[in-house]
Amino acid sequence: MQSIVHVCLAGLSAGMFIWLVASGLTLIFGVLGVLNFAHGSFYMLGAYFCFTVLRHLSANFWIGLLLGPLFVCAVGFIVERFFLRRVYHLALPYQLLLTFAFVLIFDNLVKIVWGAGSLSPPRLDIFGEAILIMGRKFPAYNLFIIAVGPLVAIGLWLMLERTWWGRIIRAASSDREMASALGVRVPILFTAVFVFGCWLGAIGGGLAAPYVGIMTPGMGDTIIIEAFIVAVIGGLGSLKGAFLGALIIGVLSAFGTRFFPTFDMFLIFILMAGVLLWRPQGLFGEAR
Amino acid sequence: MKNKSLFAALILVFLAALVAMPHLSGRFTVYLAMRFMILGIFAVGYNLLLGQTGLLSFGHGAFYAAGAYGMGFFWLHLSPHPLLGIGAGVAAAAVLALLIGFFCVRHTEIYFAMLTLAFGMMVFSLIWNAREITGGDDGLVGIMRDPVTFFGLGKIPIGKDAQYYYLVLFFFVLSVWVAHRIRISPFGLVLSGIRENARRTEFAGVPVRNYRLAVFVLSGAFAGLAGALEAMLQSNARPFMAHWTHSADPVLVSLLGGLHSLTGPLAGSLLFVAMREIVQRFTENWMLWFGIVLLIIILGFRGGVVGVVQNLVLRRRAEGEG
Amino acid sequence: MGKKGLNRREFLKLTGATGSMLAAGSMSGMAFPRNVWAATPAIKGPIKIGYQAIASGTLAGYGQFHKYGVEMAVEEVNAAGGIAGQKVEMEFRDSTTKADVAIENARYFVDSWGADFLAGVDSSGQALALAPIIEKLDRVLIVTHAATEKLTEEGVFKNGIKQIFRICSPTYQDGNAGAFVAKDLPAMKWATISPKYEYGFTCWKMFQDTLGKLKPGVSFIAESFAPFGTTDFFSHIGTIMDAKPDGLYSTEWAGELITFVKQAKEAGLFDKVKHVMFPVGAAMDVLEGLGKEMPDNVWISGRYFFRYPDNKTNNEWVARFRKRWNHYPAYVSETGYSSIYAIKAAVEKAGSKETKAVISALEGMEMDSPAGHRVFRKEDHQAMYEVPWGKTVSDPKYPFKVMGEQKVIPAKEFFNRPPFEGAGTKPPF
Amino acid sequence: MGKVLLETRGLSNHFGKICTADNLDLTIEERVLTSIIGPNGAGKSTLINLLTGYLPVQAGRIFFQGKEITRLPVHKRVRQGICRSFQIVNVFPQLSVSRNVMIPILALTGRSWRPFANIASEKDAHGEMEAILARVGLSAERDTLANALSHGDQRLLEVGVALAARPTLLFLDEPTAGMNPVERSRLLEDIRRLSREGRTTFVVVEHDMDVVFALSERIIVLHRGVVIGDGPPEEIRNDKTVKEVYLGEDVSDLFRYDEGDETK
């Protein structure tokens, strides 16, 4: 029993981290229709910037988490405004390749700026000691993350469903021409959404760094594939789907590690393929 | 007409250069030339799918690996005959492509891409985890190049790179020729029809899905050939051949060179191999510069290098006439 | 396009020329002849060493520290008159983690740049893939990090690829030596969390076999293997804690070990499991990365630890290294550094840089190095030397944990012995 | 009355609540140039989509030359001789006019499965292609890219591509949509001529009444998925119900709405 509960908890926290990354990825795909390989890089940059702020301004974690992502947003703005924007009208492969080019560039830049070696962010004491759950320790920070994930989800939901912005975004994502006909300035909207997506990715990175306990150039390359899988399983462009998808993948891989260790990764990809065949719009996506 | 003959001449020069290369240049250049030709085979075949039929696959690494491991296992357990080994590799790749393709061709666009990615990564994790058979992450090591025998009727040694080079060259030319034939065949025309307008093609009485599957298997076989040839060149087969990052290579190469021509992927392959090699000599930050070059080509040279050249030629001609 | 090939070749010639010109220039700048070897005409031109290590991606730090060691050695050797009076040139290349890249690098070094010697290589997969190529290229390769015993046992001994030597300690250090340490620990039930690739599997197996023989009655009750690039070990940790072992053995390394330790600490693994062993825990990137977060009383080791041996050679070297790079030397720095000196010693002993001669010079060669006294075993070209296992403690002198109580097992007691198959080839002897 | 070419029995289709085909029993006769008309949402396009296999049949059955084709996939129906053109231009934009027409020809003759043959050496196919281009009057544009053609010519090409599939029955979905008068009258001429040639039976869906009444030998009037009129043009022109429901209703509707708005 104890072990099952802890496998679930581990799965939940892992899933929430993937969600934090996948949310931005999904939002960007939903609105811009671009599958952004470079999203993992924004996750990486988020981690690095957060802890640079933390180090140099000797600020606390929260200030780092507040300021760090802003730098990433600036980077994201440049990427969208001067590069990505020029390939919206091009075929899918061009868009993928463009973002892929940025993965190479950012990985290398991080290596130049922050050094080749790994950096370890300091342990966060704000959350104090681990908490006993059924007689076994579980890190308070993970519980915090398990709480943050849904909060982000709710926040996004409120923004999309309840605000003027959200209505415009939904309009644009469902029908670009219609939106522009209604006087929405789509280019600006796209930039805004992309930057916001980068912000989400950066926050993910900033929150993940103390959890992973280490930052390396290229740390985004592994997470991005997981995020893809989640986005696909949940339904490309569907935030609800991404959230539930992240939960499923997190918990499933936790159980996989526990009970079918050899083929855990294989299982995930079988699930991915199965969903694509059975419901291409994803488990929770609306048919487009 | 004038252009045609010019083009033909260029091809002849290029071929002559390839044939003469082992005598003109050092071992390393010969090695790079082989890397180029193998990548070229991979890309030309792949482009039948992407450029001709308009399907973006992220799983062709799996077929490349199938070719390499198929070749490796055949060499290991059955016979050291290189041609038979290559045949086995190609067959393995084609069969795998048939299995995977059967599911994948139900979708197009991003869903097709993601589906192929998923299947490709399944193959990767199978190879990685089936250690007893595949050697896990160490891969199959020590694949040797025995002479090509013609069942008693003499034999050709391919142990030396300079010798093996001609085997690779042979398959390279063969592949390019086959790809060319396919492009100008009725089959190829229907494929481009599918790319341009699948719905209409259906109303032309074409069972679109079967054609997609057919070209998927074809390109898979090309990938298998490339894989088998690399297995012999590097004398090993590795799981990462099946990884999606490797599946991205032909995409990259095709876009670098240009999607809508046969020469595109070839030019792209050459550029890819040469660039990676040369950039490394000037900087350790090859990733950075590689990325920047990609950006420039995507944004500046849409239609790839070949496209740009073509435009130049056209403009020249226009000026000439005007 | 064929023309391009030609151009590239000319371009190579060119660089080659400038290279040797530089060499000539700098040589005339120095006071020669300084040592007897300057007289021997056998050796011509600069001694060129092609070095490759991983310099991009998550493990890029390793390449950095390889480089520190090698560059320092080259500077020193050249300042002291080079190898047999010839200037040493070193070119460094990023090997990434891919075998084909490693092969391309090796071929470039030998066939294009004109390297006399090769060194470096991190991943076992790369090393094994390189073996047959090296045989073709016929240059000595001194492996400074890849640890798989297959390389020396099968590649060198069984398949007779004599060009390969290994200067770093192999998986014996992780598996066998680890078992020798473990046998004295009051732990009977062992478990592992290790990398999900050959290195992790073989070390764990070796550890089990040897410990099983050394200490009948021990049981190995749980294992959880983490794929390359794992950032979340909690489910692995859970698996182990459920099994309630009293000993944990983990060959996780580099960044993933840091992640693992931090998360294991959070999850209270170290409270439950008292005896923990990290065969590559003494790597500087891990110690510095974890700092105070590395728990005490954990048994760690590596391919070299900068506080052992505590003698003049080593201490002076560490001082020089810190002065030069403002870092403590990582073990790859030492193996890289010593690989250059191994080449120097071998060439000067052979009086030639021809592969054949150098191989026979290296076989059985003894050398003094920061890591202590090394002997290249004749049969499998494996360098025999000791690296301590030690218990982590805090030390006011350092911002990270270091080895307190140390155990040094003599190399000949725990290194597998040729012919590597059959009775009496694996410890204990 | 020619012999029956195509017949539907109880053909029905619903999109959610909206009924676009309600238990239709239709017959199409050979060599009779038939038009299908009706107000928007009458189910004209849906009907074509059902008959050509573009939409799966929900209920009812379809017979072509006596054989049931209800569940046949599109390409099989095409091979049986049913083809269509689309409302919005639907050709192969990046291919030359001749190539556009070649695709169906090669597919139909089953020559397209051969990856190593050379198109250039497909003499018969070329001949057939030339013939078709001549029929739709695009011979001059042989080597132009389809997307470089004028809208009208693209329409013609569309018909050409459809004809290249050697249809016995050809549905044209608003063939003159977005054409200028000149192009329009030209296309209509072509259709009439082709129909006279008698190899193909045409069924045209049109909005433009003049076109319909000028062209058709038989007119079927659909309304909310039901046939409310069926006969030769003059008969339909004087049919009370049609006038009422089709022409009249909208107008009276409009009035009603207007009044409603004003009174409120």
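Modeller: Careful first: pLDDT stays under 50 over residues 1–40 of chain C, pLDDT being the predictor's confidence in each residue, from 0 to 100. The model still has 51 contacts beyond four places in sequence for that stretch, a contact meaning that the C-beta atoms of two residues, placed from the backbone, lie within 7 Å. Where pLDDT is low, the predicted coordinates should not be read in detail. Chain C as a whole averages a pLDDT of 89, with 90% of its residues scoring at least 70, and the model scores ipTM 0.88 and pTM 0.90.

Some bookkeeping. Residues are numbered from 1 along each chain as its sequence is written, while chains are lettered from A and ligands numbered from 1 in the order in which they are written. This is a predicted model, in which local features need pLDDT of at least 70 and side-chain atom pairs count only at pLDDT 80 or more, whereas totals for chains, interfaces and linings use all residues.

The part I'd pick is strand β8 of chain D, residues 169–173. Helices (H or I, at least four residues) and strands (E, at least two) are DSSP runs, numbered from the N terminus. β8(D) belongs to an open sheet of six strands in the order β7-β8-β9-β4-β10-β11 of chain D, with mixed pairing; two strands pair if DSSP finds at least two bridges between them. The edge strands, β7 and β11 (226–231) of chain D, each pair on one side only. From one strand to the next, the twist averages 20°.

On one side, β8(D) pairs with β7(D) in the parallel sense over four bridges. There, Ile82(D) stands opposite Leu169(D) and Arg84(D) faces Phe171(D). β9(D) also runs parallel to β8(D), joined by five bridges, and Asp173(D) stands opposite Val205(D) in β9(D).

What about the side chains' two directions? Leu169(D), Phe171(D) and Asp173(D) point one way, Leu170(D) and Leu172(D) the other. β8(D) is mostly covered, with five of its five residues buried; buried takes 20 or more other C-beta atoms within 10 Å of a residue's own, exposed 12 or fewer, and partly exposed lies in between, with C-beta atoms placed from the backbone. Helix α1 (residues 44–52) of chain D lies across β4 (34–37), β7, β8, β9 (201–205) and β10 (218–223) of chain D, at about 145° to β8(D). Axes here are lines fitted to C-alpha atoms, for helices over the stretch in contact, and angles run from 0 to 180 degrees between N-to-C directions.

Chain D has no contact with chain A, their closest C-alpha atoms lying 14 Å apart, nor with chain C, where the closest C-alpha atoms lie 28 Å apart.
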